[in-house]
Amino acid sequence: MRSKTYRAKTMKEALTRVRRDLGGDAVILAAREVRRRRLFGLGVRALVEVTATDQMPPEVAASGLSTSAAPSGADRARPEGGATDPVPSPGPSPALRARFGEPLSRLHAMVETLSRQGRIDHLLPDLPAELVPIYSQLIESDVPEVLARRLVRHIDESLEPDQFDHPESIRAALCQAVAECIPVAPPIQAVAGTRRVVALVGPTGVGKTTTVAKLAANFKLAHGARVGLVTVDTYRIAAVEQLKTYAEIIDLPLAVVNDPSEMTRALDELGPVDLVFIDTAGRSPRDEVKIRELAEFLLQARPDQVHLVLSAVAGQRSLRAAVDRFAMVQVDRLILTKLDEADSLGGVLAVLGLSSRPVSYLTTGQAVPDDIEPADRLRLARLILRQEELA
Ligand SMILES: Nc1nc2c(ncn2[C@@H]2O[C@H](COP(=O)(O)OP(=O)(O)O)[C@@H](O)[C@H]2O)c(=O)[nH]1
Ligand SMILES: [Mg+2]
C-alpha cells in the first residue's frame, strides 16, 4: 500500500496523476489548496494538493474519497460476508485471520507511515510526501535540522509540480541546493617569477603537514613550479623532522623558523621560488595565546593566502570552535581533510555556512601526493548526500 501527496495546478490534473500513478482504485485521503510563495518573492502561486493511497481495507476505503467515486463517510460498506462471521473468542480464529490479517497489517503499516509523517508534519507543515525521504536523508547525513528544513523548503519551492513525480529530479534539485551552500575557491595559482606565499593553519593532527607535502609535490612534479617550504612547527621536534623528510624526498628547500623575527630572512633564503608553503604548528582552538603567536608569525610572512585546515572527522562542535578561534588569524580559504574517514559530512556543511570562506581543496587519504583534489561543489554535495563514493 502506498500513500503519496501530489501537487498540481488544477484538481483535474492532480486526479489524473493520482489515477495514473496509483490506479483506478486509489482513495483520496485529503485534498486542499496550498499557496506557495515563489522564489525571490515573485508573487504567490496556488496549487491543489491531494494525498491518496492505492488501496485500503474495504471498511476504511468506504470512509474516504475515492477517485473511482467510492461512497464516503456515512455509507460504510461491510466487509464481504462480515455480518455472518462468528465473533471469535478468545483470539481471532484462523479463518478470521486469513480474511482480515492482510488488510489489518496493511492498515497497521499505513498508521505507521502516517505517524512518521505526523512527526515531520509538525516540524514541516505542508511538506509534500515526496520530500519526506529527502528530509530524513539530510538528517541521517548529520545535516543540522534547521539547515535540513531550509533545504527541503527551498526544493519544495523550486520544483515544478510535475517534477515531484520524478525521484531523479528531486535528487538533482537536492544536490543543487546543497551545492549552492558550498562556496569554493579556484586552486592555488603558481606564477613563474612571482613569489606566492601560502600558509596552512589549523588544529593539531588535522593533516596540515601531509597536505603541505601533497600540494608541494603536485606543484613541483605536475606543474613544474619552483616550490619552497617553511615550517614554524617548532613545538615538536618530530613535526619538523616530518616536513624535512618530505622536503628531502620531493627535493625542496626548507627553512625552519623559530621566532617571528626570523621569518623574512628565512623566506629570502629559499631563493627564487614561485610558491612557498608555510606549515604551522597545530594549535588547540582553545589555546588563544598560541593562536596569537601564530598570528605574529603570519604577520611577518605576509602570506598571499591562509588556508584553515579542518578535518571532516571532527564533530560539529569542534569544527565550529576551530572556525571561531582561527578567525583571529586572517583565514581566506578552507581545506577539508580526511573525507575518506568521515562517516557523514553533514556537519561540514553547517560549518561552511558559518565560516563563509570558500573551500580550496579536499583530501581523501594519507597518500602523498595523490590523495588531494581541488574542491568541486557538486562533488562535495554528492559526497555529503552519499550520492557518490570516493574513488
Ligand atoms: N585518512 C586520512 N588521513 C590523513 C589525511 N590527511 C592526513 N592524514 C593523516 O593524519 C595524520 C596527521 O597528519 P599531519 O599532517 O601530521 O597533521 P598536522 O598535525 O595537522 O600537521 C597523519 O597520520 C596523516 O597521514 C587524509 O586526507 N585522510
Ligand atoms: Mg604538522
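Ligand 1 sits in the second largest pocket of this predicted model. The protein covers much of the ligand's surface, and the contacts can be taken one by one.

Start with the residues around the ligand. The shell holds 16 residues, and those that come nearest are Gly-205, Lys-208, Thr-210, Asp-340 and Thr-363. By class, five residues of the shell are charged, nine are polar and two are nonpolar.

In Thr-363, a side-chain N or O atom is 2.6 Å from an oxygen atom of ligand 1. Thr-363 is also among the residues that come nearest to the ligand. For Gln-366, the distance from a side-chain N or O atom to a ligand oxygen is 2.9 Å. For the side chain of Lys-338, the corresponding distance is 3.1 Å. On its own, ligand 1 has 590 Å² of accessible area, and the protein covers 83% of that.

Next, move to the charged pairs. The whole structure contains 17 salt bridges. One of them joins Arg-195 and Asp-268, whose closest N and O atoms are 3.6 Å apart.

Finally, turn to the backbone. Most peptide bonds are trans, and most residues other than glycine have a negative phi. Two places in this model depart from that pattern.

Where is Pro-369? Find the loop between strand 11 (359–363) and strand 12 (372–374). The peptide bond that joins Val-368 to Pro-369 is cis, with omega about 5°. Strand 11 ends at residue 363, and Thr-363 is the residue with the 2.6 Å approach to a ligand oxygen.

The other place is Asp-251. This residue is not a glycine, yet its phi is positive, about 65°. Asp-251 is in the loop that runs between helix 8 (237–250) and strand 7 (254–256).

How values were computed
Residues are numbered from 1 along each chain as its sequence is written. Chains are lettered from A and ligands numbered from 1 in the order in which they are written. This is a predicted model: local features need pLDDT of at least 70, side-chain atom pairs count only at pLDDT 80 or more; totals for chains, interfaces and linings use all residues. Side-chain values use heavy atoms; hydrogens and water are left out. A residue is near a molecule or strand if one of its heavy atoms lies within 4 Å of it. A polar contact is a pair of N or O atoms within 3.5 Å; within protein, one must be able to donate a hydrogen and the other to accept it, and residues adjacent in sequence count only if both atoms are side-chain atoms. Accessible areas come from the Shrake-Rupley method with a 1.4 Å probe; for residues, only the protein chains shown count as cover. On a 1 Å grid over the protein atoms alone, a cavity is a set of points where a 1.4 Å probe fits but cannot get out, and a pocket is an open set with protein on both sides within 12 Å along at least five of seven lines; lining residues have an atom within 4 Å of a point. A molecule sits in a cavity or pocket if more than half of its atoms lie within 2 Å of its grid points. Ala, Val, Leu, Ile, Met, Phe, Trp, Tyr, Cys and Pro count as nonpolar, Asp, Glu, Lys and Arg as charged, and the others, Gly among them, as polar. A salt bridge is a side-chain nitrogen of Lys or Arg within 4 Å of a carboxyl oxygen of Asp or Glu. Helices (H or I, at least four residues) and strands (E, at least two) are DSSP runs, numbered from the N terminus.
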